[in-house]
Every structure is written in structure tokens, then in C-alpha cells.
Amino acid sequence: MEVLKIFLTPDFWSSAIRLMTPLMLAALGGIICERAGILNMALEGQILMGAFFAYLGSYLTQNVWLGLVIAMIGSMSLAVIHAFMSINVKVNQVVVALGLNTLAIGITSTIFRFMFGTDSQMANCPGFKAIHIPGLSDIPFIGPVLFGQYPLTYIALLALFGISWFLFHTSRGLELRAAGENPQALDVAGVDVIRIRWLAVLVTGAFCGLAGACLTLNGLNTFYDNISSGRGYIAYAAIVFGKWNPMGTTLATLLFGAGDALQLRMQAMNFNIPYYFYLMMPYLITFLALVFFMGPSKGPAASNVPFVKDKARSSKRRPKQTSGIGGK
Amino acid sequence: MTPVLSVRNITKRFGTNTANDHVTFDLYPGEVHSLLGENGAGKSTLMNVIYGVYGADEGEIFVNGKRAEIASPKEAIGLGIGMVHQHFMLIPAFTVAENIVLGMKKELRLDMKQVEAQILEASQKYDLHVDPHALVSTLSVGEQQRVEILKVLFRGAKILILDEPTAVLTPQETEELFKILRNLKKDGVSVIFISHKLNEVLSISDRVSILRRGKITNCFDDLSQCDPQVLASAMVGYQVRLGVDKAEQEPGETVLEVRDLRVDDERKRPIIKDFNLSVRAGEIVGLAGVDGNGQSELIKGIAGLMPLSGGKVVLCGQEMNGKPPRAFIDAGLGHIPEDRHRQGLVLSMSVLENLFLETIQDKPYSKAHVLQKKAITEKAKELVEFNDIRTASLDLEAGALSGGNQQKIIVGRILDQEPKLLIAAHPTRGLDIGATEFVHRCILKARERGCAVLLVSTELDEILALSDRVAVIYEGECMGVVPQAQATKNAIGLLMAGVKNKEASGTAAS
């Protein structure tokens, strides 16, 4: 079986990790937001913003690290709207997110055309180079898989440990989780729920900026319309699949990354199957994973529930005359 | 002696409604001062003002003789005020220790081992036994309340506000709570105890203040002169007589027979497990139990509102399994639902329309699907007058009425159909004393007429006063059925906590 041999090559795993990096960054960021009680379906739009502004920033400044900073600012600008609408205005969080995802497509495509015209002539920007960690990257198999990656992959790994520690071993992490489970209890404990939720949404935005930068600055070094192509939704699925746990979520993104790497290799093997089927694989894996392996999963209890300070007392109904039967 | 807490002339308005009207209230060190009042009298509002959840419109609060500005719960906690809310402010997915330490630590690092040790120490000091490592979702209600109290004390509270703490407890758990409170008093903790249960208030309090329509109307400093009658009259503002008159009556044939009933929830988990119960004509069977032990599912199963996964329901000799709710009504079921806002009424529709929810399709109110306005209006007027429903007009939105008058709409229209079986689920929950009396009279009248009544309530006093037999539900199982003569508070309380004693199970078989 030629297909099975793929799994034994370090090259396959190396590319699986490269492909999972944007998903992992977005999903880890999304966990913060979800744990604080804000349903974040807007990862998709924020990744797209990050991808575009990473490209734009890197192109204009001719510095890839400045591009990364601008990517984070770009995606956080979308997060600001998300936070304001879902925390302060208390609009339905799914509706806000869907609106923002559409908005992101509009913003990025419009500015892209405005600045670079409609011709297909690609203007390249500076991109990241893979870093081979001296010594470690010489270990057989493990070396090229783990220690010959792009910088953003290392950042993602640091974020995994950082976020796990933050959520489960710090006071602020406990408060953040409480905001997602029972904001009223947190409020009564004297902690500002609104502030925590705002910060959480902004941090998620920053992570999506990094995720977006993976798409444009890791070798591609350019941008095209809707480059995120549903990765935000896959990242969201990974959060659910990983049961809102950073480690579990990371493993879920590895599954999707491996699926992506596999389909790329299978395309190259020239089976007599239209290549669209291969392109479909990561999405199909997402779907099948959620349907068959998930079972009922329970997220933060107060996710998608806006925090209203005096919620304990429901507002009294105002008297009103009705005009039903018997009405004059 | 200076009071630890002194509230002076507090006024709080919501729109045009004055919830607290120049309330003045003192709490001395080491005392339990109860605040007694009907629903909507302003008890919770006052406590939320003291705890900084609401800002007061007028008035001042002094803590230990010093004027205090309490703008948020954080400041209240800083002043040593702690509140245990009626609905617990706990996070089920967190451990006891995590719940207690939440919001307390300034520093970033959180060493749970150290926190758990500190909590264990405090729990021993106050005699509040909880396992710091346990998940809150695995604790009983009584244990959760202990966590809440410990949480407050752990923050150094010297003033403890308990908002209806006994509403969710069995009589034994209530006794345990009172023991804890008496211990705390010795340590110099002062307690504000909010309740509408007169006997409990008398047994735990040093002083009682009565709040009526937002004003403090009485303050009883010497409780040796007091009995429930006096307090109840003070609460409502006119002379009331507590207790019900019930004539001896021989029950007739079996109207409701529930055999090995099983009901599952949406996730296919069994809620009601092999439940057996029968109710005879002219008999009231009380179903006692702590809230959330499957009462809702049992009622819905019996009323045909939820599919059964096993067993049968026989109503007046007819097997009802699988029949639609309408068939249950036609067979003689009258159902006063547990949630009058969601199941009993359509709040945005008029009082008149709400009086005909079950009967609108019947003659003479409707002929060939055309509504007969004249017949409807006449009947509505009759019902409103007969049941003393106080409404400005028949066209007023039902949601605009007080809880008592809303319940009278439901009770009135159900009993007017002379059901053979009446299910009364928490029929007096949230009602004032006057409306409660009315509902009790209606239920007793139905019994005299020969109606079989299944009374579901979490208020043990109500069950014991009305029932001929008392059944107890615990975790979806029938713990036993006890005749009224043997139904003491203690015996029922044990069954409510899931303790089966031989006596009770012996009578269950008979």
C-alpha cells in the first residue's frame, strides 16, 4: 500500500505540523474567548483579516516581523467590533460573527484590489524562513518534523503551554473560566466580568492575526481573495472536538493538519479521481470527526449568554391592553 | 452597643414602583435579625442595596458606626458583608476550593494545594464540613449551601445575609443550618435571615422586622410574645387565620392509578424510575420532595405531556398510555401547572382569553369553530366574580396581574370544569397569604365534591395541612406513602433526604 507509506516519512509529518499551525493558533485563541463566555464563530473573519494585513504590513514595511504586528492589529480591529456588539450591545453572538466574517471578506478584497489592481500580477512580500534549531534538528525523524519549522509554529507551541498554564494555574485564568461558566457568580465575587470578556475577545483577535500570518507569510508571501477558506470554522470545530481544552484542541488540529497533508500527497499520486475530492478531505474529516467521535460535549455553561448586571431580577412586564376576543 | 450594620431611610425605586420606602433597619453583633415579608415586599431589593448590587436612591448605610458607600459587591465584601443568594452563586463545573477562592487572589499564581489546605482549616474552624477537592456539581443542595456560607466567611464576613436559605432544604438540613448559624453567632457573626416561613423565623431569630409594600411596618424585639398568627397578620396587614378546616371523608374509588411509571429526559437518562401511586376520589395525596427530584417529569408523565418509557397511567379506568394531552383532559384531568407563566397562561393575551384556554373549542363558547362572544363574556364575568380575580378589565393582559390573581385565573378555569382528577403542582408558589388561602380552599372544595387530588409541593407545611396521604419522591423514586396521621415532619423529612425507614416502607405496601 503506497498510501500507508506516506505516514512513515518525516516529510509528511513536517508538513502536517506546518499545515496545522494556523488552525492551532486560531483554536488556542478561540479557547480563551469561549472559556470567557463569548461564542466565537468569527475566527474565520479574523484569520482572513490577519492574513491580509500580514501581507500588507510586510509588503509596505518590507519587514516580516512588523508585518506580523500589523496582522495582529488588523484582526484585533475586527475583534473590537465583535466585543462591542456581543458584550456591550448584547446582539446574538452567532449573528455578529457571521456578519463580521462577511465584512472581513469585503474589507480584505476591496483594499487588495484598490492597492494592487485587478491584474493577476502578484506583488510578493518578505516572508518567514524555516528555522532549523542547531543540534535538535539533526535528530533523525523527530528533528526535521519538530525542529525545522517556521517561527510561528514555535510560537504556537509556546502558546499551548502558556495558555494551559494560564487557564488552570493562575487566579486570572480561574476568573476567566468563571466568566464563561457563571458570570453572575463572578460579579458577586467582586470581579469585573465585562473587562475580562473584552480582554479575552481581544486576545483571541491577536491569535487569529498570527494564524492569518501563517497563511500569507509562510512561504506563499502573497494574498488572494478568501485565503482563509473556512479554516476559522475548522478551528472552531477543533475547539469543540478538543472539549475546550488546549491540549485536546491541539491534537484535534493535528488531525486536520494531517488530513490536509495527506490530501496534498494523494493529489500527487495521480489516482484517477478529480482533485476536488482531495481538497474536500480536511472538511470531510472535520465533519466526520464531529459526527462520529464527538458524542455530546458540554462547553462553558454561559457561552453565548450576554452578561447583564442586574439579571437576578427579571424586569417586570408592563401592563398593556390587549385586543383579542371580547375587545371593543 | 453600636449596631454592626445600620440602614437609615433607604429608598429604592424601579421606575414608578417604590421597592423600598424609607427603610430603617439595625443589626447588632451576634444576633439573628429576620426580615419577614411577602413576595414583592422588597426584602431582596433591600439586601441587594446593602450588598451593593443596586444603588439606593436615598438614605445611608452605616457599618460599625461609620458611613459606608457601597457601590459594588466588592466594597460590601471589603466591609465584611457577605451574602448567600437564594439561587446559589456557584459554578458547578468548578471544585469547592475553586469556587471559594474565585476573585480573592490578587497575585497571578494560584497554588490550589495551598488554597485547599486553608479552606479545610476554615471548614473545621466553623464546623462546616465540605471536601475542598469535590466538584460542586456532585454536592447535594445542603452541601452547596455550606460551600456558599464558607465562601462568605472565608472572605472575612462578619455580617451574613441569607436570602431564603431554607427554600431548598429538607427539614433535617434546615435544622443543621440552624445549628451552624447558632455556632456562628457565638463567634460574633451577625445574620440577616430572610424568609417567609413563620415557624422557621421564630425558631432561629433574636428579632424580627416585618417589611410590607416596601416599608418596615413592625419590629418585634421580644419574640416570646409572638406566634405565627401575629407575624402573619403583621405581614399582610389584616387579621389572618392560619391552618385549614378539613372534614373527615371516606375516599371513593380509584381515579388515578400509576403503575411502574418510567419517564426519561431528552438525553434518555431515566428520571422517573418504576413509580407507583394511586389517588382515590375525594382524597388528597400530597407528593413531597425537595425540588428537582423528578416532580416535573412525573406530573408531565401523568398529564400526558411527556412520553412514557415504561409503565402505565390509568385515569378513571381508561389506560392513557400514548394518548394526546387532549384525551387526558377529556377523561377528566384538571392540571394546575407548576409554572403559571410558561404553562398556565399566555401572558400577552387578555384575562378573558386566558380563562378559556382549555374550553374555547367547546360549546357554547364556540359553534362550528366560530367564537360566541356573548357566551364567552358572560362566562368570563361569572368566573372573575366567583374567583374574586382582581383585574381592571377583562381585556387586560394577563401578565399585568399580580401572581395571586394570575393563579386565580388558572385555578378558577380548571375547577370550573369539575375535573375528576386534579393535579395541583406547586399551586401556591410565590403567592401571598390571601391568595394561598384561596387556593387551599378551592382544593379542599374539590375534594369535598369527590375529586381526586394530587398535590405536588415543596412546602412541607402545605402538604401536611392538606393531604390525606403523603407520598415522597426522591431521585425519581417513590420513597413511600404515609397516611396523614403518621406523617410527621421528621418522618417525611427523612424520606425526602432518601432515607428509607422500615415504618414508612411498611405502610407503602398497604
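A:Lys90 sits in the loop that links α4 (64-88) and α5 (93-116) of chain A. Helices here are DSSP runs of H or I with at least four residues, strands are runs of E with at least two, and both are numbered from the N terminus. The model is predicted: local features need pLDDT of at least 70, side-chain atom pairs count only at pLDDT 80 or more, and totals for chains, interfaces and linings use all residues. Residues are numbered from 1 along each chain as its sequence is written, while chains are lettered from A and ligands numbered from 1 in the order in which they are written.

**Backbone angles**

A:Lys90 is not a glycine, yet its phi is positive, at about 65 degrees. B:Glu475, also not a glycine, has a positive phi of about 45 degrees; this residue is placed in the loop between β21 (469-474) and β22 (477-483) of chain B.

The peptide bond between B:Lys363 and B:Pro364 is cis, with omega about 0 degrees. B:Pro364 belongs to the loop between α12 (351-354) and β17 (366-367) of chain B.

A residue is buried if 20 or more other C-beta atoms lie within 10 Å of its own, exposed if 12 or fewer, and partly exposed in between, with C-beta atoms placed from the backbone.

| Residue | Class | Other C-beta atoms within 10 Å |
|---|---|---|
| A:Lys90 | partly exposed | 13 C-beta atoms within 10 Å |
| B:Glu475 | partly exposed | 15 C-beta atoms within 10 Å |
| A:Leu68 | buried | 25 C-beta atoms within 10 Å |
| B:Val236 | partly exposed | 17 C-beta atoms within 10 Å |

**Helix packing in chain A**

Axes are lines fitted to C-alpha atoms, for helices over the stretch in contact, and angles run from 0 to 180 degrees between N-to-C directions. Helix α3 (residues 43-61) of chain A and helix α11 (residues 231-241) of chain A have axes that come within 7 Å and cross at roughly 130 degrees. That angle makes α3(A) oblique to α11(A); angles under 35 degrees count as roughly parallel, over 145 as roughly antiparallel, 65 to 115 as roughly perpendicular and the rest as oblique. The crossing of α3(A) past α11(A) is right-handed. A crossing has this hand if the near helix is turned clockwise from the far one by less than a right angle, and is left-handed if anticlockwise.

On the α3(A) side the contact is made by A:Leu43, A:Glu44, A:Gly45 and A:Ile47, and on the α11(A) side by A:Arg231, A:Gly232, A:Tyr233, A:Ala235 and A:Tyr236. Two residues are in contact if their C-beta atoms, placed from the backbone, lie within 7 Å. By class, this contact of α3(A) with α11(A) has five nonpolar, two polar and two charged residues. Ala, Val, Leu, Ile, Met, Phe, Trp, Tyr, Cys and Pro count as nonpolar, Asp, Glu, Lys and Arg as charged, and the others, Gly among them, as polar.

The axes of α3(A) and α4(A) are 7 Å apart, and the two helices pack at about 145 degrees. Their crossing is right-handed. Residues making the contact include A:Gly45, A:Met49, A:Phe53 and A:Ala54 of α3(A) and A:Leu68, A:Ala71 and A:Leu78 of α4(A). The contact of α3(A) with α4(A) divides into 13 nonpolar, nine polar and no charged residues.

A:Leu68, in helix α4 of chain A, touches A:Ala54 and A:Ala213, leaving out residues up to four places away in sequence. A:Leu68 and A:Gly205 are 137 residues apart in sequence, with 13 Å from C-alpha to C-alpha.

An automatic or database assignment sets the domain bounds. For chain B it gives domain 1 (5-236), domain 2 (252-332 + 419-510) and domain 3 (344-418). Taken over C-alpha atoms, the centres of domain 1 and domain 3 of chain B are separated by 41 Å.

B:Val236 is in helix α8 (residues 228-236) of chain B. With residues up to four places away in sequence not counted, B:Val236 touches B:Glu38, B:Asp432, B:Ile433 and B:Gly434. B:Val236 and B:Gly434 are 198 residues apart along the chain, and their C-alpha atoms are separated by 8.0 Å.

The contact between the chains takes 28 residues from chain A and 34 residues from chain B. On the chain A side, α8 (171-181) and α9 (183-188) are the elements that give two or more residues. The largest share of that side, six residues, comes from α8(A). The residues on the chain A side divide into ten nonpolar, eleven polar and seven charged.
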